[in-house]
Amino acid sequence: MKHLWLRAENRENEKRVGLTPVGAAQLIQNGIKVSVESSDTRIIPTKDYKDAGCKIVNEGSWESAPEDAIIFGLKELPNDDKPLRHSHIMFGHAFKGQVSGKKLLTKFKNGGGTLYDIEYLTNEKGKRVAAFGYWAGFAGAFVTLKIWISQWTKKECPPLSAFQNKRELLGNLSNEINLVKSRPSTIVIGAQGRVGSGVCDFCEEFSLDINKWDLAETSSGGPFKEVLDHEILFNCVVSTPNTPVFFQPYFVETQRKLSVIGDIACDPDSDYNPIPIYSAPTTWSKPGLNIASHPPLDVMAIDNLPSLLPKESSIDFAEQIFPYLIDFDRKNNAVWQRAKKVFKSNVLEV
């Protein structure tokens with residue numbers, strides 16, 4: 001890689017970034033040109049990248065970047081039909097039958113570009129090398145608990161906004177949870193992964209009862225009526241063709257204690273969605289989706305949860321992915337080639 005182009009995010013409530021100024025300076029020292037789009041919303045000021053030696057370019061100018069530039073962003077590109085001619089590093093959400101993903105792959109196919117999907121950057125054992133999972137779990141547990149409290153207080157869960165840090169987020173909930181007489185029982189599916197670890201750490205901050213499930217508990221393929229005996233279900237498992245359905249649609253009308261599902265993995269338009277009772281993510285302005293009223297059942301399914309803690313999650317993720325950026329053409333190239341192979345096999349089907 002000779003040129004890395006850090007694009008600005010155009011999504012509402014998205015302040016994260018995948019490269020810090022410290023990392024950018026190291027890339028430059030290693031002979032890699034770094035262009036950074038200006039952004040008023042990015043959690044790290046544009047000036048810090050300029051001071052690190054990056055070339056600052058206009059927001060959204062990546063479309064006219066040189067052919068050899070690799071465009072690095074996190075969330076989705078503009079929703080248009082323009083062919084994509086560059087190589088892009090981003091979360092594409094395009095390989096599990098998603099409707100929006102098919103459109104994205106068509107744009108790459110028409111333009112001749114390549115998608116290095118961050119979700120598919122894996123080592124030789126198939127483990128992801130960089131992820132926001134821990135902070136998705138931590139923030140997702142926060143929002144889910146707020147929705148559970150709103151059920152008890154019979155007040156609608158208020159709109160969300162980003163926090164400066166973890167301590168501020170925890171403080172936001174400290175007074176609210178004292179409004180209810182007891183703590184909810186929770187079940188965490190995927191408790192041993194990054195997302196599950198974030199959920200469990202958050203729950204332990206408030207001394208919640210946690211039933212931790214992982215592969216051993218779900219290997220039977222379900223259905224899992226045990227989830228109905230807990231007040232909160234957290235799904236922390238990224239969907240694959242082998243993922244069982246954790247909450248069957250008919251469970252909605254079944255006798256249950258369960259009143260909130262925190263679907264942190266959030267893959268509603270995937271063919272493999274393990275919580276198939278909703279069809280679109282929830283939002284920062286309306287975090288919960290009401291599925292049933294008597295007894296209540298709400299789903300939390302926000303697809304950019306780490307943005308609630310943009311600084312901590314960005315620094316953590318940037319540290320994870322940096323070794324693979326700086327070694328893009330060298331010893332860590334196999335990681336990128338595996339991701340490229342996944343893209344090539346999927347784009348052929350479009």
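Helix H6 (residues 194-205) lies across strands E7, E8 and E9 and runs at about 165 degrees to E8, where angles go from 0 to 180 degrees between N-to-C directions and axes are lines fitted to C-alpha atoms, for helices over the stretch in contact. Helices (H or I, at least four residues) and strands (E, at least two) are DSSP runs, numbered from the N terminus. The model is predicted, with local features needing pLDDT of at least 70 and side-chain atom pairs counting only at pLDDT 80 or more, while totals for chains, interfaces and linings use all residues. Residues are numbered from 1 along each chain as its sequence is written, and side-chain values use heavy atoms, without hydrogens and water.

**The sheet**

Six strands, in the order E8-E7-E9-E10-E12-E11, form an open sheet with mixed pairing; two strands pair if DSSP finds at least two bridges between them. Its edge strands, each pairing on one side only, are E8 (209-213) and E11 (288-293). Strand E7 (residues 185-189) pairs with E8 in the parallel sense over five bridges, and Val188 stands opposite Lys212 in E8. Helix H4 (residues 133-153) packs on this sheet, touching E9 (232-235), E10 (260-263), E11 and E12 (296-300), and its direction makes about 155 degrees with that of E12; contact means heavy atoms within 4.5 Å.

**Two packed helices**

Helix H1 (residues 21-29) and helix H8 (residues 310-326) pack at an angle of about 10 degrees, with their axes 11 Å apart. H1 and H8 are therefore roughly parallel to each other, a term that covers angles under 35 degrees. Gly23, Gln26 and Leu27 of H1 make the contact with Phe322, Leu325 and Ile326 of H8.

On a 1 Å grid over the protein atoms alone, a cavity is a set of points where a 1.4 Å probe fits but cannot get out, whereas a pocket is an open set with protein on both sides within 12 Å along at least five of seven lines; lining residues have an atom within 4 Å of a point. Grid points are joined across faces, edges and corners, and a volume is the space filled by probe spheres set on the points.

| Space | Volume | Lining |
|---|---|---|
| Largest cavity | about 70 Å³ | 14 residues |
| Second largest pocket | about 300 Å³ | 15 residues |

Closest to the centre of the cavity are Arg7, Glu9, Arg16, Val17 and Arg42. In the pocket, Ser150, Gln151, Lys155, Glu156 and Asp298 lie nearest the centre, and E11 gives the largest share of the lining, four residues.

Terms used
Parallel < 35°, antiparallel > 145°, perpendicular 65-115°, else oblique.
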